[in-house]
Amino acid sequence: MAGGRGTIRALNVAEKPSVAKSVANILSRNQGLRVRDGRSRYNKIFEFAYSINGQPTQMLVTSVTGHLMELEFEDRFRKWHSCDPAQLFHAPVRKFVPEDKLGIKRTLEEEARRCQWLVLWLDCDREGENIAFEVLQVCTAVNPHLTIKRAHFSALIERDIHEAAQNLVPPNKFFADAVDARQEIDLRIGASFTRFQTMLLRDAFVIDAATDERNLVLSYGPCQFPTLGFVVERYWEVQSHEPEGFWVINCSHKSDEGIASFNWMRGHLFDYTCTVIIYEMCVQEPTATVTNVRKQEKLKYPPHPLNTIELEKRASRYFRMSSEHTMKVAEDLYQAGFISYPRTETDSFSQRTNLRKWNRLSNEAIVEEQQGHPVWGSYAQRLLDPGAGIWRNPSNGGHDDKAHPPIHPTKFSAGEPGWSQDHLRLYELVVRHFLACVSQPAVGAETTVDIDIAGELFSASGRVVLAKNYLDVYRFESWGGSLIPTYVMGQQFVPTTLTLDSGVTRPPPLLSEADLLSCMDKEGIGTDATMHDHIKKLLDRFYATKDSNTRFSPTNLGEALVMGYDDMGYKLWKPYLRAVMERDMKAVSEGAKHKAEVLETCLQQMKACFLDVSS
């Protein structure tokens, strides 16, 4: 339907059909909204009149379904035995729209021909920007005169979507280039090493999960492999641990006020004879003298604002949810408008958000919305009461991806009809975490008492919580501790018990999912948006298993792959190479490096590795 005179026709493209529907409903306010089918049965087209900065605009809103294009080798290199795998480091590649997305492509082409503007509503991260440029490429091929605009939003709520529509910006080519670089590097390295190791090792293993031909591919992924490396390395530490006996002296003192347990300042000793001599000295002169009494106020600070990795780690720790499932549930909550965009590295609110009143959205406004909740509503009310004194501007975690704020609640809910237990839990975590962020730290009084018995030093400490503050709402954390009896400097007493006890050193535990995410984050393996995928691939490809405590062990196959590369002298399972690549791709996204130079450097380095390993 053509707009009136002077009206711009704008084609708006979102990343998923559900997002397109939300954007259209919000912008049209459900007034005069018409819906029609596109060439793809799932990707509808919504039409309505709107005004962008006073400019009458006929809006057409449709969607893609994730990436519109795939990157693949040209046909002659796609068959496994068509070439030496080393050639895959330089074989020609092409980006194309696959068969199942051709309907979406046709819709975009037909609509773009009749529009003057293209407004890109893809998710506002690197991956979303890359999809935006795929859409842009398809649309400008049929209409080179399109004016290109980018909408920036962090939540599918009225305030964010209208503001995004009125403040359109150019798309970010640097972000898109960084993803192009990653896709090409991963395709080339993955394909060459996968073909090499599959042909070399496939017959050596009976793969337990092999029910079809596809599972017989021993896949190599440049992120997945270092992730497997963390699992294997910890497993080896556990396997190689030899228990060693140690001895420790323990001391306690009971008085009218209670019991104090004193810890030996030496910790423990591995020499039995030496420990017995010290213990006998203590038994012969058992009078304890108080040498120091320290009383101090201790604070337990609330967590930093919530980013993706922290959300995944906490959901794993508190609810035993896998990182992959956590992201699926978070995506549902985001698309329904209940939380902000869940893929973000940012763990600090910008300065303007920290102001208690801000015209677009204040932290106070988020808290205000939660006052009606049957469980934490009363805490939200206390937060907003100046007399209670528990409000505090959130701390700065030091990370800002410049794209999205930390994850926070964007709409009140006491639970929706379609929500599973996990939707309820994750929404609760996001809300309680946010309320904790804008709360004062817990306050405790800590007492430490040092004593001397025959020249040996022991220490005991006790704590009483004076003000729980954020701990009142953040039920996932506690601050244990108990009072100890009162002692004064110079006081002497005879211990109630003085014992010589033995113990055995224990191996470190296998990596939990939260530990694995921490390792990946620390070493720069993957991004906040992809880490959960790399972990899932280890399990899907049967390189590792996860037990009921969310702890990982390598399978025989996973361990053998790591050992194989290790024996060849190559640390391809170590994080260093990938960490450098991730840093390079970040530099591309910031405009500090060119895509071409990063591709050349990475691929040269990995080809040299490959030639050594495969020769």
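These legends go with several close-up views of a predicted model.

**View 1. An open sheet of six strands has mixed pairing.**
Across this sheet the strands come in the order β2-β3-β4-β1-β7-β8. The edges belong to β2 and to β8 (147-150); each has a single partner strand, so one side of each is left without a neighbour in the sheet. On average, neighbouring strands here are turned by 30° against each other, direction ignored. Helix α1 (residues 17-28) packs on the sheet, where it touches β1 (8-14), β3, β4 and β7 (117-121). The direction of α1 makes about 40° with that of β3. Another helix to look for is α4 (residues 158-166), which lies across β3 and β7 and runs at about 70° to β3.

**View 2. Strand β3 (residues 45-52) is mostly covered.**
Take a moment with this strand: six of its eight residues are buried. Strand β2 (residues 34-36) pairs with β3 over three bridges in the antiparallel sense, and Arg36 stands opposite Ile45 of β3. Strand β4 (residues 55-63) is also joined to β3, here by seven bridges, and the two run antiparallel.

**View 3. Glu134 sits in helix α3 (residues 126-142).**
Is Glu134 buried or exposed? With a relative accessible area of 1%, Glu134 is buried, because buried means under 20%. The Glu134 side chain makes a polar contact with the side chain of Lys95, at 3.2 Å. Leaving aside neighbours within four places in sequence, the residues in contact with Glu134 are His67, Leu68, Met69 and Lys95.

**View 4. Arg94 belongs to strand β6 (residues 93-96).**
Arg94 has a relative accessible area of 34% and is partly exposed. Which residues does Arg94 touch, not counting those up to four places away in sequence? They are Glu70, Leu71, Glu72, Glu74 and Asp75. For a sense of scale, Arg94 and Ala454 are 79 Å apart in space, C-alpha to C-alpha, and 360 residues apart in sequence.

**View 5. Seven strands form an open sheet with antiparallel pairing.**
Follow the strands in the order β14-β11-β12-β13-β10-β9-β15. At the edges stand β14 (492-493) and β15 (497-504), each with a single partner strand, so one side of each is left without a neighbour in the sheet. Helix α7 (residues 272-284) packs on this sheet and touches β9 (245-255), β10 (258-264), β12, β13 (456-467) and β15. Between the directions of α7 and β15 the angle is about 170°. Within the sheet, β11 (residues 288-300) and β12 (residues 442-453) run antiparallel and are joined by twelve bridges.

**View 6. Helices α8 (residues 308-319) and α9 (residues 323-335) cross at roughly 115°.**
The axes of α8 and α9 come within 9 Å, and their crossing is right-handed. On the α8 side, Thr308, Leu311, Glu312 and Ala315 meet Ser323, Thr326, Met327 and Ala330 of α9. The residues of this contact divide into four nonpolar, three polar and one charged.

Key:
Residues are numbered from 1 along each chain as its sequence is written. This is a predicted model: local features need pLDDT of at least 70, side-chain atom pairs count only at pLDDT 80 or more; totals for chains, interfaces and linings use all residues. Side-chain values use heavy atoms; hydrogens and water are left out. Axes are lines fitted to C-alpha atoms, for helices over the stretch in contact, and angles run from 0 to 180 degrees between N-to-C directions. Helices (H or I, at least four residues) and strands (E, at least two) are DSSP runs, numbered from the N terminus. A crossing is left-handed if the near helix is turned anticlockwise from the far one by less than a right angle, and right-handed if clockwise. Contact means heavy atoms within 4.5 Å. Ala, Val, Leu, Ile, Met, Phe, Trp, Tyr, Cys and Pro count as nonpolar, Asp, Glu, Lys and Arg as charged, and the others, Gly among them, as polar. Two strands pair if DSSP finds at least two bridges between them. Buried means under 20% relative accessible area, exposed over 50%, partly exposed in between (1.4 Å probe, protein chains only). A polar contact is a pair of N or O atoms within 3.5 Å; within protein, one must be able to donate a hydrogen and the other to accept it, and residues adjacent in sequence count only if both atoms are side-chain atoms.
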